Amino acid sequence: MNKILFFAALQEKAGKESIELDVSGKSVKEVKEFVALEYGLAKINESMTAINEEFAANDDVIQENDVIAFIPPVSGG
Amino acid sequence: MSKLFSITEEPISIEQTVSLVSSPNAGAVNTFIGTVREFTKGKRTLYLEYQAYAAMAEAKLAEIGQEISQNWPETKTAITHRVGKLEIEDIAVVIAVSSPHRGDSYEASRYAIERIKEIVPIWKKEHWEDGEEWIGNQLETKSYRKGTPAEEDLI
């Protein structure tokens, strides 16, 4: 099972902070496509992705128990 | 709050962040204080809301600290960023860098705030009299508009 975290505008749009979903074996890109459709998050394509708190590439493959986070463009400071 | 790189929901103590980089080797401590501005391009902000992916944000702040150590040897860096609801003039971020000589701490401090706006998962939501919006990128030129479905925002 994997935990998928949403932040900022994505979190508001999804209506939740996180979901549990088994996406092991899928690429980041595949997960983005699925989540975009399922939760109406077209903006996810502008987001970076983190796996286990480290930035990941679109073709990285999710492993069992990985925590995935979609990171919209940041605006701290 | 003794961590060098931290995300906090509490008001930030400048002195506490500065004390974290205090060192007998230092001849300078440069402090950057980021505060909540009321007007941006003529538009009044009522308050801000900051959100962070706290664990990753602290790790990325620490990474910035490592980059600074590599680029400016013998410096010491501490960064505290606040999240939650912040009022005008509240302190959102404090960066303290100590260095043997003043030049390095000035440069490293500037580097730290620019890097925060690039790689640290923290987001700012502006609340105005007539709406609210998550600010979309570090240059504050792009945003996700809520309730105003521009063509590009349509799902």
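1. Let us start with how the elements are named: helices (H or I, at least four residues) and strands (E, at least two) are DSSP runs, numbered from the N terminus. With that in hand, chain B reads along the sequence as β-α-β-β-β-α-β-β-β-α-β-β-β, and it has three helices and 10 strands.

2. A word on the basis of this note. This is a predicted model, in which local features need pLDDT of at least 70 and side-chain atom pairs count only at pLDDT 80 or more, while totals for chains, interfaces and linings use all residues. Residues are numbered from 1 along each chain as its sequence is written, chains are lettered from A and ligands numbered from 1 in the order in which they are written, and side-chain values use heavy atoms, with hydrogens and water left out.

3. Chain B as a whole comes next. Of its 155 residues, 46% are buried (under 20% relative accessible area; exposed is over 50% and partly exposed in between, with a 1.4 Å probe and protein chains only). Contact means heavy atoms within 4.5 Å. Among the contacts in chain B with a separation of 6 or more, 71% are between residues 24 or more positions apart.

4. Now the sheet in chain B. Four strands form an open sheet of mixed pairing, in the order S1-S5-S7-S2 (two strands pair if DSSP finds at least two bridges between them). S1 (5–8) and S2 of chain B stand at the edges with a single partner strand each, so one side of each is left without a neighbour in the sheet. Neighbouring strands are turned by 10° against each other on average, direction ignored (axes are lines fitted to C-alpha atoms, for helices over the stretch in contact, and angles run from 0 to 180 degrees between N-to-C directions). Six bridges join S5(B) and S7(B) in the antiparallel sense.

5. Two helices pack on this sheet. H2(B) touches S1 and S5 of chain B, and its direction makes about 150° with that of S1(B). H3(B) touches S2, S5 and S7 of chain B, at about 145° to the direction of S7(B).

6. Where does B:Thr77 sit? Its place is in strand S5 of chain B, and its bridge partner in S7(B) is B:Val97. B:Thr77 counts as buried because its relative accessibility is 6%. Beyond its neighbours within four places in sequence, B:Thr77 is in contact with residues including B:Leu4, B:Phe5, B:Ile68 and B:Val97.

7. S3 (residues 48–51) and S5 (residues 67–71) of chain A run antiparallel, joined by four bridges; A:Ala50 has A:Ala69 as its bridge partner in S5(A).

8. Finally, the interface. Here 34 residues of chain B are in contact with 25 residues of chain A. The area buried between the chains is about 2,400 Å², with 59% from carbon and sulfur atoms (the accessible area, 1.4 Å probe, that two parts lose on being put together, summed over both). Two salt bridges are found across the interface of chain B and chain A (a side-chain nitrogen of Lys or Arg within 4 Å of a carboxyl oxygen of Asp or Glu). The side chains of A:Glu12 and B:Lys125 meet in a salt bridge at 2.5 Å, N to O.
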